[in-house]
Structure formats: structure tokens, C-alpha cells
Amino acid sequence: MIRIHGLSGGYNGKEIVKDVQFSVREGEFFGILGPNGSGKTTLMKMLSGVLPSTGGEILIKGKPVTAYSRKELAKRMAVLPQLSASAFDMTVREAVSIGRYSHQTAWFPSWSEEDEQAVTLAMQDTGVEPYAERQVQSLSGGEQQRVFLAQALAQNPDILLLDEPTNHLDIAFQQSLLSRLKSWTKDRGLTIVSIFHDLNMASLYCDRVLLMNNGRISESGTPYEALQEPVLKQVYSADIKRHYHPSHQSPQVILNSPPGLENTILISENMLSCESTHILLQSPVPLKTLSSAVVHAGFGWYTTFVNRHVDLNYHSEDVQMDLVRYIQAQGLDPNETVGMMTAVKLADVAVKTSYHEGFSILTVVTAGTGNAADASAGADRLSGSPGTINTWIFVNGRLSDEAFIQAVITASESKTRALADRGITDPYTHTPATGTTTDSILIAAAQQGKSLQYAGPAAELGQAIGKSVYDCTLQSLDRYLERKRND
Ligand SMILES: Nc1ncnc2c1ncn2[C@@H]1O[C@H](COP(=O)(O)OP(=O)(O)OP(=O)(O)O)[C@@H](O)[C@H]1O
């Protein structure tokens, strides 16, 4: 649809865009990204034919852009106009109708049924129809933005050029506008080339992006390919970190921890309270957490950690909601809380703090083996009968993602060893139990102080976790077994 070869150009003999080359396919949503002054708007002006190039060529549907008359070009390509003062004196309908200019015949301007329909449809698509008779100047910035988009759409273009289309729009309108634009590329084959400052929106909605730096293409490809952390850091000269959208493969870009925001804290047993109904740890600052908890499993940042005792016969249709209600009833905020459950008597809890070179860990284990299982047997069994080992590990240190995951592995292996040393067996298979069917684990770290890259058995954090989880699991297990013997 659009092909650009060796394109160069600028202002007053000064080259701004230098030897740029790319192509955009029909029905593609194509993003142009880059820092301030990198040449995005200049490139867009050359694309729309407003600014002549000094080198290279732009082909639209195989024909040089310079070979199109202004009107011909306007039929193929619409540009989201900048907010211009003259448009403010019009009604919304009048402003949108300007988009039909390119469809009027030069000699006998006439307003056809087709023009009327195109204007109405464009207003409907952008949600500005309710304001049709209002003056543009009486609308909010976001509403005006949508009027200008409607004006561009009324042109019925094959190509839509947009400069920051979500400027002035709140997050809900950004989402609805970009989703609508995206569906037009898919359903109507509309080709969109758009400048974005918001890398994350571009990443979510664009099929491909081009990253400009100093008038040249620094990177191009799908957002996944083009938005690489080292390139972004260099192009934007900013401490940027690439993350992932939780439910989408698109990369998301955030600023790395800004300095000076740390609240120095030490997670300690003072923050822990153990009652017969629940064990609670409350931190004054959120801790980075990885868990398999009932409430807020996965990675997140939380301040409050609850291990609730439930009766052996506990049953709920919605365990998660039940635990959220319980958390609320304790006056805690469920949004900030990781919640687990156990039928184990909480008096059997084992707590241990261990200090190491530059870091410390707090381990809290409640162990019961009523539901012991040998995971390696792959045997059919009833799951869910209470009898769980819940393991909490709090680290005063800064953990990498691999350290979080290795901590889970190391803690699980230590737990298994503790079960073996007490001869716990799977009642179904009569083989040594590796855990129970409903064990849960939580690793939480203040993300301050010493960097701890690894947590396997050879790493200092792994050694600390391994020993501490083993000791706590044994201690809690012994109390549980003692209680069983006495029952
Ligand atoms: N009309 C002009 N005359 C002279 N120089 C200009 C003109 N318009 C832009 N420039 C210069 O060209 C360079 C690129 O500007 P351009 O507007 O293309 O950047 P951009 O990537 O769109 O930036 P931004 O993100 O800030 O909108 C800048 O150094 C700018 O000062």
C-alpha cells in the first residue's frame, strides 16, 4: 500500500529525515515512535504530501505521491487534522462535512446522499453524533479530537495518517478509539499510519512499529521485535525496563525504579501475629510477592499476608470470595492482601528468622499431612480434603525473578526432605509423600538492600531457604504429629 525508499527531507535545506526506508501493507496498523524531535512529524508531512522530499520516493499504491493531484490524494489518504482555529466556529456536523470536500466535483459542487451517509456514519463511528449541532468550540478536548477523527473518516480513505490520536483522551476513550481503529484495519482493510508517544498503547494496538532516532530508523518490526530494552534505553536515553502485559504478548515499557523512593524496612517477626483464627503479617510497605495463594496468586506487590484457619469440614462454593470476605471482616484491605487457608491448628506454626551476609529471611510454616501425596505417582485421588503445608518466606533483600522461582523450587525440595525424614507416606500409593495435594507457597521480598540473583542450593539465599524451610517444616510437622498421637 505504501512504499518508501531512501527518503530524505527537512526544512530550509537542513536534512531532518535521513534515508528512511519502509513499507506498510494494506490493512496494517503501523506505528511511528521515537523521542521528541526525532523526525516523526516531518516524516508524516512528507507522507501526506505537505512537505516535499529532497531524496528518495514515496509510492502510494505503486504510484509516486507527487503524481497524485491534491484531490486524488485526499480521496485515498486522510490526515487527522491538527486542531485549527477556523474549525472552532463550526458545528460538529459542518466540521465533519469538510471531510467530503475531496468527493465534490470541481465544476458543480453538490451534496449527495452518499456524502450525507458518509458524514452520519463517521459521526456514529466516533460517537460524536449526539453533539452534531453543537459548536466545536463548546466541546471538551477529547470530544473535539473525535470530531476531527470523524472528519478524516468521512473522507472514506484507504489510508489514515494520525498524529498522536489519543492526545487529550482519557484512558477509556483511548481504549475505545484504538480498538475501533484496529477493527477498521481488520474489517475494512483501512491502512493506518500513526505517530505515538505512548509506547505501551502502540505496543498493544500496532501490527508493526518503526522507532526513529535523529531522523533515521533505529528499529522496526512487530512491537515484540522492535521494542527491545537496550534499543529503547539508548534511543530515549532513559532507564527503561521492558515488561510484559499480563494477558497479552505485547511488551510494555516502564521506567525503572526511580531513585529516592525506597522506604527502608526490615521484615521481622514483630510484624507477625499468630492467633487461632489466622496468622497475619503486615508490612508497612508493599513487598514483591510470588505465591500460589487462594487470593492474589502469582506475582504482585502486597502489604498483608493471611493464613486463615478453617474447620476440617470447611466447604464453600466459592473459596476465593469466601476468603476475600473473611479478609474484609478482619478490617484488612483485600486488594493489598495475599490469602491462604489451612485446616492445621495454627498453634503448630513454626517461625524462624535467620541472618546471613547482607540479608535475612523470615520463614513461617504450618504443616499437616492429612492429605499427603506422592506427586511422582500420578495417582488418582480425592483432592481438597484439608491437610496442607503452607510455607511463607520473607526476604530482606532484592531478588531477581529467577531467584523468586528458584526459591520456590528449593523450598519445595526441602519440604519433601522433611516429610521423608518423618516417614510420611501417601495413603493411596503407600510410597513416600512429596507434599500434600493442597500445599501453598509464598516468597515475598522487600526488594531493598543486597541483590540476590539466585536461590538454588549453591547460592547463599538458596542455602538459607533450604535450611530454614527444612527446620520449620520439621518443627511444625512434629507438633502436628504429636497432637495427632494425643488426640
Ligand atoms: N517548520 C520547521 N522548520 C524548521 N525546523 C523544523 C520545522 N518543524 C520541525 N523542525 C525541526 O525538525 C526536527 C524534527 O521535528 P519533528 O516535528 O519532525 O519531530 P517529532 O519527532 O515529531 O517530535 P515531537 O515528538 O516533539 O513531536 C526538530 O529538530 C524540529 O525543531
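Begin by selecting Gly 49, which lies just after helix 1 and takes a positive phi of about 85 degrees; helices here are DSSP runs of H or I with at least four residues, strands are runs of E with at least two, and both are numbered from the N terminus. Residues are numbered from 1 along each chain as its sequence is written. The model is predicted, and local features need pLDDT of at least 70, side-chain atom pairs count only at pLDDT 80 or more, while totals for chains, interfaces and linings use all residues.

**Helix 1 and the ligand**

Step back to helix 1 itself, residues 40-47, where seven of the eight residues are buried, a residue being buried if 20 or more other C-beta atoms, placed from the backbone, lie within 10 Å of its own, exposed if 12 or fewer, and partly exposed in between. Among the buried residues are Lys 40, Thr 42 and Leu 43.

Which residues are around the ligand? Select Tyr 11, Ile 16, Gly 34, Asn 36, Gly 37, Ser 38, Gly 39, Lys 40, Thr 41 and Thr 42, each counted as near if its C-beta atom, placed from the backbone, lies within 6 Å of the molecule. Helix 1 gives the most to this shell, with three residues. By kind, the shell holds two nonpolar, seven polar and one charged residue; in this grouping Ala, Val, Leu, Ile, Met, Phe, Trp, Tyr, Cys and Pro count as nonpolar, Asp, Glu, Lys and Arg as charged, and the others, Gly among them, as polar.

Next, display the four strands that form an open sheet in the order 2-1-4-5, with antiparallel pairing, where two strands pair if DSSP finds at least two bridges between them. Its edge strands are strand 2 (14-24) and strand 5 (63-64), each of which pairs on one side only. Strand 4, residues 55-60, is joined to strand 5 over two bridges, and you can find Leu 59 with its bridge partner Pro 64.

Now move to strand 9 (residues 208-213) and strand 10 (residues 216-221), which run antiparallel and are joined by five bridges. Asn 213 stands opposite Arg 216, and in the two residues between the strands of this hairpin you will meet Asn 214, whose phi is positive, near 50 degrees.

Finally, colour domain 1 (2-231) and domain 2 (269-486) separately, with bounds that come from an automatic or database domain assignment; their C-alpha centres lie 54 Å apart.
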